[in-house]
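Please look over the sequence and the model shown here before reading the briefing. The points that follow are grouped by topic.

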Amino acid sequence: MRVAVDPWDPGYGTPGAGGEPDDVSARVTLDLEVPADQWRPLPADREGWEPTQVLLVDGVRRVDARLWFGLDDDPVPQPGLAASHAAGVVRLDGSARVVAQRVERTLFTALGAARDLVTPLGTYRVAHAAGGDDDALRLALQQRMTSLEVAVADAARVDDDLLVVDGPLRGRTALPRAMGYVKAHHATYLDDARNAVVAALGPCERTPVFTIGTSWTRHAWYLRLPTSSTMPWAGIVRCEVADTLSRGEAVALAGVSCRVLPPLASLPHKDPRAPANLVPVGGLERTLRHRLGDAVKLHRAITVAAARVA
Amino acid sequence: MTTDDVTRDPVGRVLGTQPASPLTFWTALLPEQWLQLDDVVVTERDVPGRGRVVTSGIVTQVEARHEGATFASDVHLIADGTLPAEVVEQAEVTVTRVEPELYVPPTPGAAVRRAEAGERDAALHFDAMERQLPIGTGRDGRPVFANFDFVDGTKGAHVSISGISGVATKTSYALFLLHSVFTSGVLGAKAANTKAMVYCVKGEDLLYLDYPNTRLTPEAEADYALLGLPATPFRSVHVFAPPRPGDPSGTPAVTGRQGGAVTSMFWTLAEFCRDEMLPFCFADAEDDRAQYTLLIGQVAARLKREAVPIGDTGAVQVAGHTVRTWEDLVRLLDAELTDDATRSGWTPGATALGSVNAFLRRLHSSVRALGPLVRGDLDLRDRVPVSTSQAQVTVVDIHSLPDRAQRFVVGTTLRRQLRDKEASGTADPLTFIVLDELNKYAPREGSHPIKEILLDVAERGRSLGVVLVGAQQTASEVERRIVSNCAIRVAGRLDPAEAGRPEYGYLPPSQRQRALLAKPGSMFVSQPDLPVPLAVGFPFPAWATRAAEAGAPPEAPTGVQASKVAADPFARFTPDRGDDPAPF
């Protein structure tokens, strides 16, 4: 078996965010918290359940090299993806500390005969992807990172905390007191009247909790973070919690989100994704990206290691 | 945790983001660890085929910052607990020793630990010093030594102390060094015969060197004990003070010193003529620019040739006139040089009348200053000439004299000292000369007789056994050849503009900055053995520095001097024991 590194820079040709395609044919139930015709911006309630600490979990990934596996009896080479990915948790309890972080290096390929790639700077463990094409490999990377996030978050949990997961809660609804935090709005779930309510939200105000049913079901609400922009949807984020929660539990989490998240909003001159990219998450991402290691050195190490496999 | 664990545990690791070199490297500190400036640290490295190389050095800079913060305002987010970041401390280490001498850089990531007792002494080269002179306490509370070979002339000599007046405690440190030389045992058997001549320039603070200090605390005594020095005043001190002006018996003008040896210091007219002391009456910068230097030499030469001592009071006869006072001599020279008939006898050749007049004008202006010092009207029985033979420490008190008289005394006594040493033909025993305000006596610009003598001391003193301990506010204004001949250089608190001058090149940038805020009692000492000056503190003086601190006086001298002092009605006068703050 031979392995070759694609001379193309892995940064090129990355498809979108590598995330899940949003399902537009969603069944939306609006009257979980209030009847649909009584929708209005809800101010942050001052009282209610208070988590002892807030955990924010996030992951980063980077493709270090694209590989080609050539088998002697197969004229068509098989693609592979050597990637570094990391996940970490920031704990907010008066001070902000990165309490858990893990870095993995993985070689994604559909080829069953592929072996771990050992380089002087680290070993890329083989993970078999469902499909051999580029999208399938990237999806496998995304899933791998998500499960790493879950594993890291699990290790940091304490009683009575709140876990904020960066991105949709899909696949992580089993985590207790977990809240998905969605910054980008690829799909429109609400009708025009309800969207007008979203646009009318003041800083730290939220919509009533509603239920979205796509390929998976969850409770959700929109929240406006403090922002200086006057665009109708500026500073709007969507929070998601598991649909297994009762109405009361979901509303309590929604109330907490209005108190916990707005103070963490970032500023436009410091973060291009402000205010939605929360300050602790920005700091965590910087730390994790740093932990991924030097891309140039890793690329070189993979090239050398691949040449030795032959 | 035992103390042993503390010293063995690494405090940090060699940093890899900054290049590490065999001369300087940075270390990142481990959590809960700290280093301060002047700490001594050690790191080790295995070199293939050559064994273990130990690199030791002194911390010359420490820095702390937030890692993970991009913007200045991030500090608020981090402090408020929103942004995750780490506080990192790093320290710059200037290497003092690489053992064995294999100049390889320390490996990034290698453990750095505090130097233990033996390692610390090795790092600071104390183990290689055969004769260790205690020069103070390091920041770690342990003694710091200088190599005495670089003080006594074996390999080098002379000490230069710089610093702002009043805050830098230059004189106090010079005397501490002297105390250390005499009592630490570095001199061995020679300690008894080694002498020092100390010029008291600024006040009465050096007149009580043999009095115990009543303000000496037990802590200060412990500091002395740590350095292996006795917390005692100087054992043997003799003070020479100028005669009280207008006093026909010539009693010394000293008020506070009630016990211990004091004698009045003056020169007879016979000595003045015989030893050609006239040039020292013209030792100002003003005289350097004047045209009458040739004339001074001619007049001095004729005085030496023709002056005949008369009687037993040191008076002389010159050109048929009897001269008993300095004023008489000035008047005589005026008459002789103004008269056309006699002038050529004093200055052969064509000396411009303007030069003669300028010479006379300067001579006349010296009458008040030099009158009490150069005279032929005192009883010379039991007179003690100014020399170091009377005691181990000879204090020449010139603080009450006008500037011209100070220069005259310094010039005359220094030359005498140097000639005595030349005549003895051997460097042993040593003579230490402590002189403050070197920028006045040996200025960088110009040339005059005192500067020539000091240059001589600086350049030949090593072989003559004369060691200069010079102090000055500004080393940049002292003759460069004198400063460059000093093996040991000391800086106290420095003026910001002064600290930037090249004369302080021996201080690394961080120490120059620190010298601007050095506290009284802390000095930076540079010595040839070490690439970095050491910050030292020295203990409070064990000897009194003014009347208010003076304890029981040493035994009063016996003999005629004592009765002379006792007969002085003013000597018994108890001075006002003012409570002004100590100069220390």
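How much area do chain B and chain A bury between them, and what share of it is on carbon and sulfur atoms? The two chains bury about 960 Å² between them, with 59% of it on carbon and sulfur atoms. The model is predicted. The size of an interface is often given as the accessible area lost when the parts come together.

**The interface of chain B and chain A**

- Chain A brings 15 residues to the contact, and chain B brings 12 residues.
- Three residues, B:Phe71, B:Thr82 and B:Pro84, supply 51% of the area that chain B buries against chain A, more than any other three residues.
- Between chain B and chain A the count is 1 salt bridge. In this salt bridge the side chain of B:Asp74 meets that of A:Lys270, at 3.0 Å from N to O.
- Sorted by class, the side of chain B that touches chain A has 5 nonpolar, 5 polar and 2 charged residues.
- Across this interface there are 3 residue pairs in polar contact.

**Salt bridges within chain B**

- Side chains of opposite charge can pair when their charged atoms come close. Over all chains, the whole structure has 52 salt bridges.
- B:Asp127 and B:Arg97 form one of them, at 2.8 Å from N to O. This pair links distant parts of the chain, 30 residues apart: B:Asp127 is in the loop between helix H3 and strand E7, and B:Arg97 is in strand E5. B:Asp127 is partly exposed at 48% relative accessibility, whereas B:Arg97 is buried at 17%.
- B:Arg120 and B:Asp140 also meet in a salt bridge, at 2.8 Å from N to O. B:Arg120 lies in helix H3 and B:Asp140 in the loop between E7 and strand E8, so the pair ties together parts that are 20 residues apart in sequence. B:Arg120 is buried, with a relative accessible area of 3%, whereas B:Asp140 is partly exposed at 33%.
- In the salt bridge of B:Arg131 with B:Asp149, the closest N and O atoms are 2.7 Å apart. B:Arg131 is in the loop between H3 and E7, while B:Asp149 is in the loop between E8 and strand E9, 18 residues apart. B:Arg131 counts as partly exposed at 23% relative accessibility, and B:Asp149 counts as buried at 11%.
- A network of salt bridges links B:Glu44, B:Asp46, B:Arg52, B:Arg113 and B:Glu119.

**Cysteines**

- How many disulfides are there over all chains? The count is 0 disulfides.
- A:Cys239 is buried, with a relative accessible area of 0%.
- The sulfur of B:Cys273 is 11 Å from its closest cysteine sulfur, in B:Cys281, which is also too far for a bond. B:Cys273 is buried too, with a relative accessible area of 2%.

**The surroundings of B:Met265**

- B:Met265 sits in the loop between strand E12 and strand E13 of chain B, and B:Met265 is buried, with a relative accessible area of 0%.
- B:Met265 and B:Ala241 are 24 residues apart in sequence, yet their C-alpha atoms are 5.5 Å apart in space.
- Beyond its neighbours within four places in sequence, B:Met265 is in contact with residues including B:Phe240, B:Ala241, B:Leu373, B:Asp397 and B:Val409.

Methods: Residues are numbered from 1 along each chain as its sequence is written. Chains are lettered from A and ligands numbered from 1 in the order in which they are written. This is a predicted model: local features need pLDDT of at least 70, side-chain atom pairs count only at pLDDT 80 or more; totals for chains, interfaces and linings use all residues. Side-chain values use heavy atoms; hydrogens and water are left out. A disulfide is a pair of cysteine sulfur atoms within 2.5 Å. Buried means under 20% relative accessible area, exposed over 50%, partly exposed in between (1.4 Å probe, protein chains only). Contact means heavy atoms within 4.5 Å. Buried area is the accessible area (1.4 Å probe) that two parts lose on being put together, summed over both. A salt bridge is a side-chain nitrogen of Lys or Arg within 4 Å of a carboxyl oxygen of Asp or Glu. A polar contact is a pair of N or O atoms within 3.5 Å; within protein, one must be able to donate a hydrogen and the other to accept it, and residues adjacent in sequence count only if both atoms are side-chain atoms. Ala, Val, Leu, Ile, Met, Phe, Trp, Tyr, Cys and Pro count as nonpolar, Asp, Glu, Lys and Arg as charged, and the others, Gly among them, as polar. Helices (H or I, at least four residues) and strands (E, at least two) are DSSP runs, numbered from the N terminus.
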